[in-house]
Amino acid sequence: MNQKEVEVLELIRRNPYLSQQEMAERLNMSRPSLANFISNLMRQGKILGRAYVLPEEKTVICIGGANVDRKFLMQQTAQMGTSNPASVSGSVGGVARNVAENLGRLGNSVKLLSIVGNDPEWDLIEAASNSFMSTELTKAVEGLSTGTYTAILEPDGEMILAMADMKIYDFMTPAYLSKNDSALLSAAFLVIDLNCPRETVEYVRKLALANKIPLAVIPVSAPKMNHLSDDLAGISWLILNRDEASKYLEMSIETIEEWHQAVQRLLDRGAESVVITGGKEGAIAGNSTDTKHYTSIQVEHVADVTGAGDAFSSAIVHSILGSQDLDAAIHAGMVNAAKTLESNSTVRQELTAVQLQKELEELQ
């Protein structure tokens with residue numbers, strides 16, 4: 001770039017919504033001259049059209065849940081209608097937030113786009129997250145409560161009851177997201193979970209489709225599959241488990257044949273690549289070229305299942321950003337998920353790109 005192009009780019013960076021006339025006046029040049037500079041910068045890929053959106057090198061934006069998870073472990077068998085002694089533990093969670101932390105630990109530039117309350121729960125999430133991702137797109141809204149998930153467990157770890165307060169995500173509307181359109185349009189990759197309302201998921205899908213931005217959709221649970229429309233065009237990666245796929249497609253997925261059929265039906269609806277996981281039975285993944293079964297990596301001791309699915313999805317996105325093929329991406333996902341199952345943390349603390357590569361090489 002020449003000096004004038006640098007000056008134009010810097011002015012756009014400071015305020016991408018200036019008109020060409022306003023920019024020409026500030027740079028002391030004619031509007032036609034400015035238009036030529038902008039045209040050259042667009043050809044070079046330095047800006048991406050109106051408003052003059054600047055590409056952010058390999059930035060991933062994760063859209064969706066950021067919660068606080070609490071577990072109450074009973075000291076003895078629960079007795080209803082009275083006080084029960086228990087120990088409590090807490091951690092930060094939310095699918096989008098967990099994926100963002102995994103990706104951040106793997107060395108990617110990541111931004112979290114969520115909605116939270118102005119409360120201690122958000123303070124906890126932010127403190128645990130800001131070393132691995134930018135939270136500048138996440139807004140704390142007065143009068144709303146940050147999402148929370150609370151589980152009550154028997155002494156053997158079996159769940160008695162779980163309660164989820166996720167009402168806040170109803171306010172994560174297309175209008176809320178549209179305030180960040182410039183960031184979304186400049187992302188190298190978008191990830192959205194189905195905590196978001198159906199119309200918001202559709203907004204992101206259509207934005208990704210129109211602007212050719214890679215998009216991964218990661219469901220949260222089978223009941224939230226109704227947040228996903230029938231049209232899957234624009235979804236680069238749909239990563240879900242068998243229960244979620246069964247709910248969405250309204251079909252049984254018990255046999256290997258049904259499992260393959262489910263992947264193909266999701267591809268037929270427009271998704272570019274589909275992965276349906278099956279726990280210890282592995283995963284079946286496919287695209288327009290091939291569909292195949294991948295065996296899972298056996299784990300001797302499962303410390304905690306929480307976060308394994310998010311670890312799987314994150315490693316796939318990380319691999320795709322590194323231009324890896326389907327086989328390599330699924331293998332990376334399997335390894336990261338297996339190592340997370342062995343960890344007491346929702347996102348394993350030792351995770352780095354170097355560590356993951358070492359683990360991949362050891363398991364080849």
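Two strands count as paired if DSSP finds at least two bridges between them. Keep that rule in mind, as this tour begins with strands. The model is a predicted one.

Start with strand β2 (residues 67-74) and strand β3 (residues 86-93). They pair in the antiparallel sense, over 8 bridges. Strand β7 (residues 148-153) pairs with β2 in the parallel sense, over 6 bridges. Here Val68 stands opposite Thr148 of β7. Next comes β8. The strands β7 and β8 run antiparallel and are joined by 6 bridges. Within that pairing, Ala151 has Ala162 in β8 as its bridge partner.

What is the strand order of the open sheet of 4 strands? The order is β3-β2-β7-β8, and the pairing is mixed. The edge strands are β3 and β8 (159-165), and each pairs on one side only. On average, neighbouring strands of this sheet are turned by 15° against each other, with direction ignored. A helix joins the picture too. Helix α5 (residues 120-129) packs on this sheet and touches β2, β3 and β7. The direction of α5 makes about 105° with that of β2.

Move on to the other sheet. This open sheet has 8 strands, in the order β4-β1-β9-β10-β11-β12-β13-β14. Its pairing is mixed. Why is one side of β4 (109-113) and of β14 (291-294) left without a neighbour in the sheet? Both strands stand at the edges, and each has a single partner strand, so one side of each stays without a neighbour. In this sheet, neighbouring strands are turned by 15° against each other on average, direction ignored.

Zoom in on one pairing. Strand β12 (residues 273-277) and strand β13 (residues 283-286) run antiparallel, joined by 4 bridges. Val275 stands opposite Ala285 in β13. Helix α10 (residues 256-268) packs on the sheet, touching β11 (237-241), β12, β13 and β14. Its direction makes about 145° with that of β12. Another helix, α8 (residues 198-211), lies across β1 (59-63), β9 (189-193) and β10. Against β9, helix α8 runs at about 160°.

Now for helix against helix. Helix α4 (residues 95-105) packs with helix α11 (residues 308-321) at an angle of about 50°, and their axes are 9 Å apart. Are they parallel or oblique? Angles under 35 degrees count as roughly parallel, and 65 to 115 as roughly perpendicular. The two helices, α4 and α11, are therefore oblique to each other. The crossing of α4 past α11 is right-handed.

Which residues make the contact? From α4 come Val95, Asn98, Val99, Asn102 and Leu103. From α11 come Asp310, Ala311, Ser314, Val317 and His318. Sorted by class, the contact of α4 with α11 has 5 nonpolar, 4 polar and 1 charged residues.

Finally, consider confidence. The chain has a mean pLDDT of 90, and 96% of its residues reach 70 or more. Where is confidence lowest, and where is it highest? It is lowest in helix α1 (residues 3-14), at a mean of 80. It is highest in strand β10 (residues 215-218), at 98. Where pLDDT is low, predicted coordinates should not be read in detail.

How values were computed. Residues numbered from 1 in each chain as written. Predicted model: local features only at pLDDT ≥ 70, side-chain atom pairs only at ≥ 80, totals over all residues. Heavy atoms only, no water. Axes fitted to C-alpha atoms, helices over the stretch in contact; angles between N-to-C directions. Parallel < 35°, antiparallel > 145°, perpendicular 65-115°, else oblique. Left-handed = near helix turned anticlockwise from the far one by under 90°. Contact = heavy atoms within 4.5 Å. Nonpolar A, V, L, I, M, F, W, Y, C, P; charged D, E, K, R; others polar. pLDDT = per-residue confidence, 0-100.
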